[in-house]
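Work through the exercises below with the structure open beside the text. Each task is followed by a solution in steps.

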Amino acid sequence: MKIIVCENYRELSKTAAEMVAECISSKKICLGLATGSTPEGMYDCLVGLYEAGKCDFSGVTTFNLDEYYPISPDDPQSYRYYMDKRLFERVNIDKSATHIPNGLAPDPELECTEYEKMIAACGGIDLQVLGVGANGHIGFNEPGDTLLPQTHLTGLTPSTIKANARFFDSEDQVPKHAITMGIKTILSARRIVVLVSGSAKHEAIKKLLEGKITTRWPVTFLNLHNDVTLICDKEVYYGTT
Ligand code: GLP
């Protein structure tokens, strides 16, 4: 695993954006994208690169890792809304080439199967951007006795509901379920770049770097992939504040 320890969040965001932009410049590309607070700075930097004429999204197809369920795509807390506002509406991407699981799918199981088929039809994901939950989740693959390989509907753990309550008016409003890519979906990407910031995630990163694999810390499954770049700040790497 390649590890880049950045001075601060700003440098982390810039480093990640440059890596994504370099990948995009190789014409037709399929990107896997993440939400949450960590990649916000990267999306701002990517918009900056686009505005400076250094990044062209016209050949880019995207697949997001996950979406709450149920949630309307128009809901400001949905990941569809997040992606539209933070990236898609600010760059020259073809909106029909952007994919996020439908938080209102009448048949979530079918939605998951179709999502896998669409990723396959696009030739697989070239570069997957990932964040990590403080409990070690990736996408919404939560710690437990088992993990699922493919895109699926999952329940959120109380700790994730609590952690994500900051984006909602109250904890009660956080959806209890989500549709997420599975571990195999994520590991099938040709390259993976993981963004992690802040001392609250030190434990998760420690587990990842120990090199052992456990369903209790889903992030440790990244040790099975041979092209992972971890971009983190000093706080998370050294566990200091
Ligand atoms: C969320 C998302 C993940 C994200 C993680 C970390 O719940 N489902 O894809 O990577 O939790 O979020 P944040 O960057 O806000 O800490």
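**Exercise 1. Find the side chain that makes a polar contact with the side chain of N164, and describe the place of N164.**

Step 1. In this predicted model, the side chain of N164 makes a polar contact with the side chain of Y68, at 3.0 Å.

Step 2. N164 is located in helix α5. With a relative accessible area of 11%, N164 is buried, because the cut-off for buried is under 20%.

Step 3. Leaving out residues up to four places away in sequence, N164 touches Y68, Y79, F140 and V174. Y79 is also one of the buried residues of helix α3, residues 79–86.

**Exercise 2. List the buried residues of helix α3 and say what they pack against.**

Step 1. The buried residues of α3 are Y79, R80, Y82, M83 and D84.

Step 2. These buried residues pack against strands β2, β3, β4 and β5, and against helices α2 (40–51) and α5 (158–164).

**Exercise 3. Is S78 buried or exposed, and which backbone oxygen lies 3.0 Å from a polar atom of its side chain?**

Step 1. S78 sits in the loop between β4 and α3.

Step 2. The relative accessibility of S78 is 0%, so S78 counts as buried.

Step 3. The backbone oxygen is that of P73, which lies 3.0 Å from a polar atom of the S78 side chain.

Step 4. Residues up to four places away in sequence aside, S78 touches E67, I71, S72 and P73.

**Exercise 4. Give the strand order of the open sheet of 3 strands, and explain why β4 and β7 stand at the edges.**

Step 1. The order is β4-β8-β7, and the pairing is antiparallel.

Step 2. β4 (66–69) and β7 (152–155) each have a single partner strand, so one side of each has no neighbour in the sheet.

Step 3. On average, neighbouring strands of this sheet are turned by 30° against each other, direction ignored.

Step 4. β7 and β8 (residues 177–180) pair over 4 bridges in the antiparallel sense. In this pairing, L153 stands opposite I179 in β8.

**Exercise 5. Give the strand order of the open sheet of 7 strands, and identify its edge strands.**

Step 1. The order is β1-β10-β9-β6-β2-β3-β5, with parallel pairing.

Step 2. β1 (2–6) and β5 (98–99) are the edge strands, and each pairs on one side only.

Step 3. The pairing of β5 is with β3 (residues 60–64), parallel and over 2 bridges. Here F63 stands opposite H99 in β5.

Step 4. Helix α1 (residues 9–24) packs on the sheet and touches β1, β2, β3, β6, β9 and β10 (228–233). The direction of α1 makes about 155° with that of β10.

**Exercise 6. Which way do the residues of strand β6 point, and what are the bridge partners of Q128?**

Step 1. In a regular strand the side chains alternate between the two faces of the sheet.

Step 2. In β6 (residues 127–130), L127 and V129 point one way, while Q128 and L130 point the other way. All four of these residues are buried.

Step 3. β6 pairs with β2 (residues 29–33) in the parallel sense over 2 bridges. In this pairing Q128 is the bridge partner of G32.

Step 4. β6 also pairs with β9 (residues 191–196), in the parallel sense and over 4 bridges. There Q128 stands opposite I192.

**Exercise 7. Describe the surroundings of I29.**

Step 1. I29 lies in strand β2, and I29 is buried with a relative accessible area of 7%.

Step 2. Neighbours within four places in sequence aside, I29 is in contact with C23, I24, G59, V60, T61 and D126.

Step 3. I29 and S58 are 29 residues apart in sequence, and their C-alpha atoms are 9.7 Å apart in space.

**Exercise 8. Which residues come nearest to the ligand, and how much of the ligand does the protein bury?**

Step 1. There are 13 residues around the ligand, of which S37, T38, D66, R166 and K201 come nearest.

Step 2. An N or O atom in the side chain of T38 is 2.4 Å from an oxygen atom of the ligand. A polar side-chain atom of D66 lies 2.8 Å from a nitrogen atom of the ligand.

Step 3. From G139, a backbone N or O atom lies 3.3 Å from a nitrogen atom of the ligand.

Step 4. The ligand taken alone exposes 390 Å², and the protein buries 95% of that area.

Methods. Residues numbered from 1 in each chain as written. Predicted model: local features only at pLDDT ≥ 70, side-chain atom pairs only at ≥ 80, totals over all residues. Heavy atoms only, no water. Buried < 20%, exposed > 50% of the residue type's maximum accessible area, 1.4 Å probe, protein only. Pairing = 2+ DSSP bridges. Axes fitted to C-alpha atoms, helices over the stretch in contact; angles between N-to-C directions. Near = heavy atom within 4 Å. Polar contact = N/O pair within 3.5 Å; in protein donor to acceptor, adjacent residues only side chain to side chain. Areas by Shrake-Rupley, 256 points an atom, 1.4 Å probe, with all protein chains shown as cover. Contact = heavy atoms within 4.5 Å.
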